[in-house]
Amino acid sequence: MAKVQKSMVKSLPFPENVPIPSHFRCPISLDLMRDPVITSTGITYDRQSIEKWLEMGNKSCPATNQQITQDELIPNHALRRLIQDWCVTNRVMGIERIPTPRIPLSKIQATEILSEISSSSIRGDGVRCSVLVTKLKALGKESERNKLCVTSCGGSQVLAAAFREFAGEGIEGAKLGLLEEIMSALIFFSPLDKGAMQHLICLSCSKSIVSILNHGNLAGMINSVMLLRKLVSSMDAEAINSFAKTSGLVEGLVKLVQRPISSQATKAALATIYYLVSADERLCTKFVDLGLVSSLLEILIDCDKSICEKALGVLEGLFSSDKGSERACQHALTVPVLIKKLLRVSDLATHFSVSALWKLCKKGNCCVVEALQAGLFQKLLLLVQVGCNTVTKEKVSDLLKVLNSSRSSVECVETVDFRGINRPF
């Protein structure tokens with residue numbers, strides 16, 4: 001029990017030669033209390049410790065085993081002042097005075113602020129709404145507890161409804177800034193609940209989100225693409241097709257890939273594009289026409305694991321279209337890059353690489369020849385030996401059959417690296 005208690009809260013760095021009074025220590029963490037609170041059972045704990053205890057699913061006081069709730073925790077101001085005085089008295093020993101903690105946001109306070117946000121947005125008072133949203137976000141940043149409090153009170157749904165009230169065409173100036181502020185709060189108080197999603201999946205909201213994507217400030221662009229990813233990941237194919245018709249959406253997403261502003265934005269843009277091309281093959285042509293195939297191949301030369309997986313997923317989706325495959329076959333990097341990523345990144349990257357190569361080789365003989373010359377056949381045999389999932393293995397087998405029919409007429413430039421694997425398929 002002591003090990004579990006100690007692991008729940010990080011110990012505070014105090015000099016070993018300074019004895020801490022036992023009544024200043026939290027019964028759970030055994031450390032000096034920074035924010036002592038009294039439970040309904042009369043026992044005082046450090047707020048962080050007892051809240052973590054309750055968050056773990058415990059519903060009783062650790063000392064008395066009587067039922068308690070988080071809403072019943074009352075600040076023990078008298079004990080906190082005594083602890084602060086003790087810290088000041090022992091400052092020559094290297095002990096710093098603990099700061100006076102902020103009073104946590106209550107559900108009543110959170111509900112009142114959210115109600116005001118709702119009222120101000122309905123009556124079109126953008127100035128008041130902006131002030132309240134900023135205040136709410138500031139309170140959420142004070143502590144994780146405050147953030148969870150706002151979320152549990154339906155914060156995302158209220159903010160989404162406010163965004164919808166001010167959304168539409170022709171947003172600029174103060175209105176653009178207001179929508180960026182609300183969107184920032186929406187991302188901060190994620191995850192978005194079902195009610196919030198229903199508010200945001202509408203024509204006026206999609207136009208405003210895309211407008212911020214293309215014309216907002218740096219933070220607005222990042223938040224908009226993150227919100228887009230959350231939205232499309234929850235839509236079915238029909239809803240995505242309708243959403244994809246929003247003017248400027250495809251162009252804005254491609255811009256974030258080709259001219260990255262942050263790794264976070266690039267990943268969100270790639271994930272959003274993946275959902276779009278997976279839902280409707282016809283969208284592939286639009287992305288291909290904007291030069292996305294070439295951009296992704298250049299990104300894949302040197303990128304981290306997460307971006308690599310997403311870029312390969314998008315490429316594999318784009319190759320479902322004839323135009324995407326044609327553009328890929330014309331690019332000198334396509335086959336070498338895809339083969340390079342076969343065994344070096346992750347199982348997911350391997351799956352996308354195999355699937356992409358399978359689509360290209362099934363459609364064009366020129367890619368078959370180039371793939372054989374680059375040693376794809378031997379690497380696929382190695383992949384079979386190493387092991388892969390069932391879906392990938394099926395495509396590997398099919399791809400080996402396609403390549404095997406042309407092996408006799410093509411000399412592999414990497415044969416020397418695979419002397420141990422020289423068997424007919």
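**Pocket**

I began with the lining of the second largest pocket in this predicted model. H2, helix H4 (107-122) and helix H6 (144-152) each supply at least two residues to that lining. I then looked up the volume, and the second largest pocket holds about 380 Å³ of space. I counted 18 lining residues for this pocket. Closest to its centre are Gln-70, Asp-71, Leu-105, Ser-106 and Arg-145.

**Sheet**

Next I followed H2 to the strands. Helix H2 (residues 47-55) lies across S1, S2 and S3. H2 runs at about 90 degrees to S2. What is the order of the strands in the open sheet? I read S2-S1-S3, with antiparallel pairing. Strand S2 (44-46) and strand S3 (74-75) are the edge strands, each pairing on one side only. I found three bridges between strand S1 (residues 36-38) and S2.

**Cores**

I turned to the nonpolar residues. As a rule, nonpolar side chains in soluble globular proteins tend to be buried together. The largest nonpolar core here has 111 residues. Ile-117, Phe-163, Ile-182, Phe-287, Leu-318 and Leu-403 have the most contacts inside it. Which helix gives the largest share of this core? I noted helix H8 (residues 173-188), with nine residues. Apart from this core lies another, of 21 residues, including Met-33, Ile-68, Leu-79 and Cys-87.

I looked at Ile-117 last, setting aside neighbours within four places in sequence. Ile-117 is in contact with Cys-129, Leu-132, Val-133, Leu-136, Val-158, Leu-159 and Ala-162.

Key
Residues numbered from 1 in each chain as written. Predicted model: local features only at pLDDT ≥ 70, side-chain atom pairs only at ≥ 80, totals over all residues. Heavy atoms only, no water. Pairing = 2+ DSSP bridges. Helix = DSSP H or I, 4+ residues; strand = E, 2+ residues; numbered from the N terminus. Contact = heavy atoms within 4.5 Å. Axes fitted to C-alpha atoms, helices over the stretch in contact; angles between N-to-C directions. Core = buried A, V, L, I, M, F, W, Y, C linked by side-chain atoms within 4.5 Å. Buried < 20%, exposed > 50% of the residue type's maximum accessible area, 1.4 Å probe, protein only. 1 Å grid on protein atoms, 1.4 Å probe; cavity = no way out; pocket = protein on both sides within 12 Å on 5 of 7 lines; lining within 4 Å. Points joined across faces, edges and corners; volume = space filled by probe spheres on them.
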